[in-house]
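Subject: Structure for your files

Hello,

Here is the structure I said I would pass on. My notes on it follow below.

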Amino acid sequence: MKKAVLLTGQIGTGRTTLFNKITNSQQKSQSGGQAVTRDTYVKNSQYGEGFTLIDTLGFGSSNNIDTISGHLKIFENIEISRIMIVVSYARYNCIVESCKGIIEMFQRYKDKITIVITFFDKCDEKYEPNFKNDIAKYFEKFQIKSFIITSKQDTGETLCKLFDSEIKYSQASKIKLTEIEIISLLQCDNDETQLEFQECSSYLSRLFGKAQQQLRLLNGVDFQQNYQSIIKYVLQQSFTQFDKFLEYNQDEKLGFIVFSQFLNGELNYFLEIVHQKMGMTQQCEQHKIELKNLFEDQIRPQSQKILQNIYENVKNQKINYL
Ligand SMILES: Nc1nc2c(ncn2[C@@H]2O[C@H](COP(=O)(O)OP(=O)(O)O)[C@@H](O)[C@H]2O)c(=O)[nH]1
Ligand SMILES: [Mg+2]
């Protein structure tokens with residue numbers, strides 16, 4: 001197999017459109033806000049030096065369990081050279097905001113990540129003549145340096161050339177997501193559960209808010225020595241609250257998904273604080289991994305059930321080699 005390139009991203013960002021042009025295929029693309037790609041498709045590029053392209057189910061429609069399972073199925077079977085996170089053109093902040101979760105999920109593989117910005121035909125270049133340089137600055141904090149910018153009118157040939165040059169130095173390797181990375185993009189699509197969780201979450205927000213404020217006041221060695229215990233404490237408190245919430249909520253699985261969604265937001269907040277306090281250093285990377293492990297250890301008892309569900313679902317996923 002040639003170098004494998006994974007197209008990932010939210011629904012409707014233009015992944016299947018890219019896949020069709022690059023591989024000269026006619027897979028259904030999205031229409032009317034409905035997700036069409038239900039399976040994973042794999043096919044070689046048809047122009048240029050050549051690579052194998054993988055079109056995935058998109059994130060964001062409902063609970064994302066199928067999307068995550070589909071990705072895990074790919075990672076079981078295919079070694080990946082590049083992870084292309086596809087995102088539609090918008091204001092700088094919105095672009096970053098809309099793919100932040102997916103970047104965090106693949107952060108340990110940041111050297112493999114390329115951000116592909118589609119819909120660039122919607123940009124009036126008169127007003128943004130330096131878009132490519134400017135957008136790169138917005139992704140600096142994730143240490144991502146690889147970008148592709150495309151428009152509706154780009155042909156398969158053009159796209160293949162762009163992709164070829166971005167993957168030139170990429171090496172294939174197995175992608176292994178940790179438990180917390182796997183559940184990080186789960187979503188609860190049940191309004192009732194969300195509503196029920198509100199009371200619990202507003203209490204928890206105050207709790208986490210206090211801890212975050214406390215952390216902001218610490219500096220240097222003080223920060224490094226104390227942040228873990230502060231975070232551990234609020235995590236333990238939050239689980240006590242979560243147990244109370246579960247007493248009233250029938251569906252434990254959905255309850256856990258809204259809870260983990262909440263926790264994931266808080267985790268990202270903590271990661272950002274660690275980042276601000278320590279700068280872009282190797283040590284900071286290490287602390288971020290430790291912080292994720294801390295969360296993972298705390299949520300393990302509850303996450304096992306969901307993970308079991310996802311692993312079962314992986315077996316039902318299909319990869320179609322075209
Ligand atoms: N204007 C414009 N429309 C696009 C572009 N890329 C995709 N689209 C349209 O956006 C819709 C969603 O595209 P699709 O490839 O199905 O997205 P996916 O869900 O990420 O696979 C389709 O109607 C496409 O024709 C682009 O670069 N510019
Ligand atoms: Mg699609």
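**The sheet and its helices**

Four bridges join strand β2 (residues 40-44) to strand β3 (residues 52-55), and the two run antiparallel. Strands pair here if DSSP finds at least two bridges between them; strands (E, at least two residues) and helices (H or I, at least four residues) are DSSP runs, numbered from the N terminus. In β3, Thr52 is the residue opposite Asn44. Helix α1 (residues 15-23) packs on the sheet and touches β1 (4-9), β2, β3 and β4, its direction making about 155° with that of β3. Contact requires C-beta atoms, placed from the backbone, within 7 Å. Axes are lines fitted to C-alpha atoms, for helices over the stretch in contact, and angles between N-to-C directions run from 0 to 180 degrees.

Before the rest, the terms of use. This is a predicted model, in which local features need pLDDT of at least 70 and side-chain atom pairs count only at pLDDT 80 or more, while totals for chains, interfaces and linings use all residues. Residues are numbered from 1 along each chain as its sequence is written, and chains are lettered from A and ligands numbered from 1 in the order in which they are written.

The open sheet has seven strands in the order β6-β5-β4-β1-β3-β2-β7, with mixed pairing. β6 and β7 (319-321) are at the edges with a single partner strand each, so one side of each has no neighbour in the sheet. From one strand to the next, the twist averages 25°.

β1 pairs with β4 in the parallel sense over five bridges, and Leu7 stands opposite Met84 in β4. On β5, Met84 has Thr114 as its bridge partner. β4 (residues 82-88) is itself parallel to β5, with six bridges between them, and Ile85 faces Ile115 of β5. Right-handed means that, with the strands pointing away from the viewer, the path from the first strand over the helix to the second runs clockwise.

Of the seven residues in β4, six are buried. Buried means that 20 or more other C-beta atoms lie within 10 Å of the residue's own; 12 or fewer is exposed, anything in between is partly exposed, and C-beta atoms are placed from the backbone. In strand β5 (residues 113-118), six of the six residues are buried, so the strand is largely enclosed by the rest of the structure. Ile113, Ile115 and Ile117 point one way from β5, while Thr114, Val116 and Thr118 point the other way.

β5 also runs parallel to β6 (residues 147-149), over three bridges, with Val116 partnered by Ile148. Together with helix α4 (residues 131-138), β5 and β6 make a right-handed β-α-β unit.

**The α8/α9 pair**

Helices α8 (residues 220-248) and α9 (residues 252-278) have axes that come within 12 Å and cross at roughly 165°. The two are therefore roughly antiparallel. Residues that meet across the pair include Phe223, Ile231 and Phe242 in α8, and Gly255, Phe259 and Phe270 in α9.

Regards

How values were computed. Angles under 35 degrees count as roughly parallel, over 145 as roughly antiparallel, 65 to 115 as roughly perpendicular and the rest as oblique. Two residues are in contact if their C-beta atoms, placed from the backbone, lie within 7 Å.
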